[in-house]
Amino acid sequence: MNSKFTSIVRILLGIILLVFGLNKFYALPFLPTPQLPESASEFMNSLVATGYVLPIVGVIEVFIAIMLLTKNWIAFALIVLVPISLNILLFHVFLDLPSIGGAVLVAVLNIILIYKHWPQYRPLFN
């Protein structure tokens with residue numbers, strides 16, 4: 001479970017989540033906002049208008065990133081990440097297909113790590 005490949009995947013996923021999680025805070029957005037199609041832009045604007053959805057997702061992403069980067073509760077972090085990575089993927093499938101690359105990367109990294117930690121999940125399915 002602690003091979004070099006697994007460590008690289010875990011660290012890469014942790015860095016991605018840390019960067020994009022921190023970027024969701026209104027006080028310090030440091031990445032430029034991408035140009036989105038109209039339907040995707042409307043959806044994102046509605047999430048921003050709530051005032052809480054993106055910051056909460058950002059906090060969760062940073063929390064997961066910290067767990068992955070510090071090697072604490074990795075199996076738990078990966079399960080918490082599943083609905084987030086699934087929603088990122090579905091957002092791009094339905095609203096912004098040309099920019100799906102990053103979403104696929106996060107989903108694939110999450111799947112690889114879940115596979116590598118599968119023995120820890122086995123009791124859930126008994």
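**Exercise 1.** How are α1 and α5 oriented to each other?

*Solution.* A quick note before we start: this is a predicted model. Two packed helices are described by the angle between their axes and the distance between the axes. Let's take both.

- Step 1: α1 and helix α5 (residues 101–116) pack at about 140°, and their axes lie 10 Å apart.
- Step 2: Angles over 145 degrees count as roughly antiparallel, while 65 to 115 count as roughly perpendicular and the rest as oblique. The two helices are therefore oblique to each other, α1 against α5.
- Step 3: The crossing of this pair, α1 and α5, is left-handed.
- Step 4: On the α1 side, the contact uses Phe5, Thr6, Val9, Arg10, Leu12, Leu13 and Ile16; α5 brings Leu105, Val106, Leu109, Asn110, Ile112, Leu113 and Lys116. Sorted by class, these residues are 10 nonpolar, 2 polar and 2 charged.

**Exercise 2.** Now describe how α1 meets α3.

- Step 1: Helix α1 (residues 4–23) and helix α3 (residues 53–69) have axes that come within 8 Å and cross at roughly 155°. That makes α1 roughly antiparallel to α3.
- Step 2: The crossing of α1 past α3 is left-handed.
- Step 3: The contact of α1 with α3 divides into 12 nonpolar, 3 polar and 2 charged residues.

**Exercise 3.** Check whether the length of helix α2 (residues 38–50) fits its residue count.

*Solution.* At 1.5 Å a residue, its 13 residues should span 18 Å. The end C-alpha atoms of α2 are 19 Å apart, which agrees. Now look just past α2: glycine 51 has a positive phi of about 85°.

**Exercise 4.** Find which side chains form a salt bridge.

*Solution.* Side chains of opposite charge can pair when their charged atoms come close. Searching the whole structure gives 1 salt bridge. Its partners are lysine 24 and glutamate 61, at 3.0 Å from N to O. Lysine 24 sits in the loop between α1 and α2, and glutamate 61 in helix α3, so the pair links distant parts of the chain, 37 residues apart.

Note on methods. Residues numbered from 1 in each chain as written. Predicted model: local features only at pLDDT ≥ 70, side-chain atom pairs only at ≥ 80, totals over all residues. Heavy atoms only, no water. Axes fitted to C-alpha atoms, helices over the stretch in contact; angles between N-to-C directions. Helix = DSSP H or I, 4+ residues; strand = E, 2+ residues; numbered from the N terminus. Parallel < 35°, antiparallel > 145°, perpendicular 65-115°, else oblique. Left-handed = near helix turned anticlockwise from the far one by under 90°. Nonpolar A, V, L, I, M, F, W, Y, C, P; charged D, E, K, R; others polar. Expected span 1.5 Å × (residues − 1). Salt bridge = Lys/Arg side-chain N within 4 Å of Asp/Glu carboxyl O. Contact = heavy atoms within 4.5 Å.
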